[in-house]
Amino acid sequence: METVPHAVDPNRAAQHGSVVMRLLDELFPLVEGVYVDLHKNPELSHSEQRTASVVAEWLNRTGYEVHRGVGGTGVVGILRNGPGPTVMLRADMDALPLEEKTGLPYASTAKAPGPDGVEVPVMHACGHDAHTACLIGVADLLSETREEWAGTVMVVAQPGEETLDGAQRMIDDGLYDRFGRPDVILGQHLGPQPAGLISHRAGIILGAANAYRVRIFGEGGHASQPHTTVDPVLIAANIVTRLQGVVSREISPSEMAVLTVGKIQAGTKANIIPDEAYLEISTRALNENVAQQLEQSIERIVRAEAAASGAGREPEVERFQGSGVTHNDPIATGDVAAAHHAYFGPDYVIHLPDPSPATEDFCRFGLPEDPQPIPYVFWFVGATPHDVWDNAPGDTPYEKMGNVPSNHSPFFAPDREPTLRAGLAALTVAALSYLGSENKNPAAMASAPAAAPMGNSFPGPAPTEAADPRGNTDPSASFGGDPLSDVPPPMPTPANTPVDPFPDPLTGPRPAEPSFSEEANDAYDSAFLAAGAWPEEPAQSAYSTHDADMDSVMDRQDQEIRDEWRSDKAEESTLSADMAAIMDEDEAPASPSGPPAGPSYGGPPPAGNAHSAPPPPGPDDDLPDAQYRL
């Protein structure tokens, strides 16, 4: 494997992040506006023309070299800023064929033709609207602060993640041949954790998934004379039953595996035995060998059942969708997690003890079959409103996460402000952990203003030189934020020594670095995950984006910004770009007559306000900008 590029000291990366994020308050209303616009106007996989136009327009105004139509509707932006590493930042753009039931004033009412031509409702139920909004926001932040870093930023807005083929289409269309091979790839995804929480895991973080089409051929006839037929419905039923024993009887109990028959079709009338039956099967695993074993079992059982019933024609088995495991590079993950820990603080960054069986095609960008794969880091940003988390049934974080609306639920409604602010900061700091070296770009520094732009950085105390390599100023606290742990504090390391909080389980920690305690790094030691861990919001709080009159989808809040866009001043700054063409469609969809009805796919409907949530406690809650703090 190719050597992972050197990352800067995590405290230094966090300090660069603090400087860059001072622009956030100026930029945030625009990013939030784009998020609301994308949520109102979702597009299905490989039909993301409008979303791609929003991304390309933003990148053009921000000074990037922009390329559209990569792998279909994909967009690539390149910003070169002197010698240094090439860091690729990726987000996905597509939505799901799902009817939104959140009741949000900016809820989607969109419909579009599905793959079979039948019109279906469309919803951003997986957070891709937030991923895209954060991606272009970070691109803008980095463009406006070129004096703080050196290297090349490669922004990739990917189509077709939900169909698990968009990444490969971009690669096949010459992504790396045309625009260069990155040194490291960074990506993030919204998750069901409390809004603002950052979750990391070295090694496997997401599982492999495959989908199969099965066509069974029988010999049809009249239902009164079944002896003259070969019934494909009976064959299909036997296949479904037989497949249920694969996981329990063929896969080792030490391995995770899922096999689901999600679709079965046959026949047109009760008294007609059809000629064919059709099934679709989904598998998931955390091990590529197990995924292959599941595929072989499906092939064997389908063909054996058809033969046992005397079918005159071999069945067809086709894998039509799939992606391998997402395997985070341990060293790169340790570097990024350490920078996040130094920037956000110990209660806002956790380690996931177990991988998720969910699947992404993000891993394809790493070229897993290449002799020298590209290292990548993929993490989760919590999106659940804090009051919804508090009211969710369950005594442990595991139980609560199973009882809040999560990805692919029609009730999935991220808490806008803390989720977007956390996503912007997490991706920015991660990029600067490679780009934010001491060797800043001289040309950019020469043209930079004498003083850094003033404003509020991301919530949390600014890092100090005295902070330990993991950014923890409390010597009794371990990574994971449990100050009561009896694990001894880590040994100090030189200021520029990379920190590896997630060592490779096979090789152990790198030489001359402290060992990492998995017990001390339990994801759920964080006080941030405890219900009611944050104080009540002050009764007389300052006006915030969450207090806006959403009846007209942020119209009143954004009026001042809209006026600025239309002024002469708007033409002088990419941060005040004329987004009127994107944001003018601000009519709110009609609110439902009652609360969302029916069970939630990913959990019950929200029990609290999906627009806002009080912040958790922190050392800066008494500062003037406390209402913005997570």
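Which residue in β7 is the bridge partner of Met-88? In this predicted model, the partner of Met-88 is Ile-185. In general, the strands of a sheet pair through backbone hydrogen bonds, in either a parallel or an antiparallel manner.

The two strands take their places in an open sheet of eight strands, whose order is β1-β2-β6-β3-β7-β18-β8-β17. The pairing within this sheet is mixed. At its edges lie β1 (65-70) and β17 (349-351), each of which pairs on one side only. From one strand to the next, the twist averages 25 degrees. Helix α4 (residues 128-144) packs on the sheet, where it touches β2 (74-81), β3, β6 (151-158) and β7. The direction of helix α4 makes about 150 degrees with that of β3.

Attention may now turn to the nonpolar cores. The largest of them has 80 residues, and those with the most contacts inside it are Leu-89, Leu-142, Val-153, Leu-186 and Trp-379. Helix α12 (residues 416-435) gives the most to this core, with 12 residues. Apart from this core lies another, of 27 residues, which includes Ile-235, Ala-236, Leu-294 and Ala-306.

When residues up to four places away in sequence are not counted, Trp-379 touches, among others, Leu-186, Gly-187, Gln-188 and His-189. Its contacts also include Ile-198, Ser-199, His-200, Val-336 and His-340, as well as Ala-426, Leu-427 and Ala-430.

Terms used:
Residues numbered from 1 in each chain as written. Predicted model: local features only at pLDDT ≥ 70, side-chain atom pairs only at ≥ 80, totals over all residues. Heavy atoms only, no water. Core = buried A, V, L, I, M, F, W, Y, C linked by side-chain atoms within 4.5 Å. Buried < 20%, exposed > 50% of the residue type's maximum accessible area, 1.4 Å probe, protein only. Helix = DSSP H or I, 4+ residues; strand = E, 2+ residues; numbered from the N terminus. Contact = heavy atoms within 4.5 Å. Pairing = 2+ DSSP bridges. Axes fitted to C-alpha atoms, helices over the stretch in contact; angles between N-to-C directions.
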